[in-house]
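Open the model in a viewer and keep the selection tool at hand. The stops below follow one another.

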Amino acid sequence: MATRIERAPAEWWGMSALAGLIGGAFMALYEMLYFLSTYGVFWLPMNMVGAIIPGFRPPLPTFNAGPTLTGICLHLILAAVWGLIYGVVVAALFPLAARTWRGAVLLGLGWGTVVWAAMALMLSQIVLPYFYIVENPAMLWIGNLVYGVASALFLYALERRHRVVVTFFPELTEAEAREPERWI
């Protein structure tokens, strides 16, 4: 039996951040495997993120504790923050669509594109102007799609496991909460 909640509890925020963290791990793994297969280097994507700190520039292609661990930490922190934002967006705008795996995949694809536009096209151009010397924008977009879908599916799985219906719309009834397949 699902519990209807009219505002998002702390558990929802934790699940959203965790989903973003897991999505970020999938994205990082995708990008590192891409770089390994294309350029023969594994740690460069994380070192590029770590190169936000001027002392870690230029990014090195091999594991180097300072830039690599800084890059991993920054990447996962940003992924968790984007996961929190995704949780707000889902609860406020798409509470019904996110309750099916198909809806979660579609929302994840859209969310991955939003994050890609914000991070890769805008923020990284300001913080890391040399980012596209090595980065392939299409590869980075695919990485963000991986992030969005993994985050959305993980949040979907957590929500189903905990059987909590989070919505900012009190008109969602208990019967509607139990039949998510008819929402999409």
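Select I52 to begin: its relative accessibility is 31%, so I52 counts as partly exposed (buried is under 20% relative accessible area, exposed over 50%, partly exposed in between, with a 1.4 Å probe and protein chains only). This is a predicted model, in which local features need pLDDT of at least 70 and side-chain atom pairs count only at pLDDT 80 or more, while totals for chains, interfaces and linings use all residues. Residues are numbered from 1 along each chain as its sequence is written, and side-chain values use heavy atoms, with hydrogens and water left out.

I52 sits in the loop between α2 (44-50) and α3 (65-93). Helices here are DSSP runs of H or I with at least four residues, and strands are runs of E with at least two, numbered from the N terminus.

Stay in this loop and select P58, which is also found between α2 and α3. The peptide bond leading from R57 to P58 is cis, with omega near -10 degrees.

Next, show helix α1 (residues 10-39) together with α3. Their axes come within 7 Å and cross at roughly 130 degrees, which makes α1 oblique to α3. Axes are lines fitted to C-alpha atoms, for helices over the stretch in contact, and angles run from 0 to 180 degrees between N-to-C directions. Angles under 35 degrees count as roughly parallel, over 145 as roughly antiparallel, 65 to 115 as roughly perpendicular and the rest as oblique.

Finally, zoom out to the whole protein chain, which has seven helices and two strands. From the N terminus on, the order is β-α-α-α-α-α-α-β-α. Of its 184 residues, 43% count as buried.
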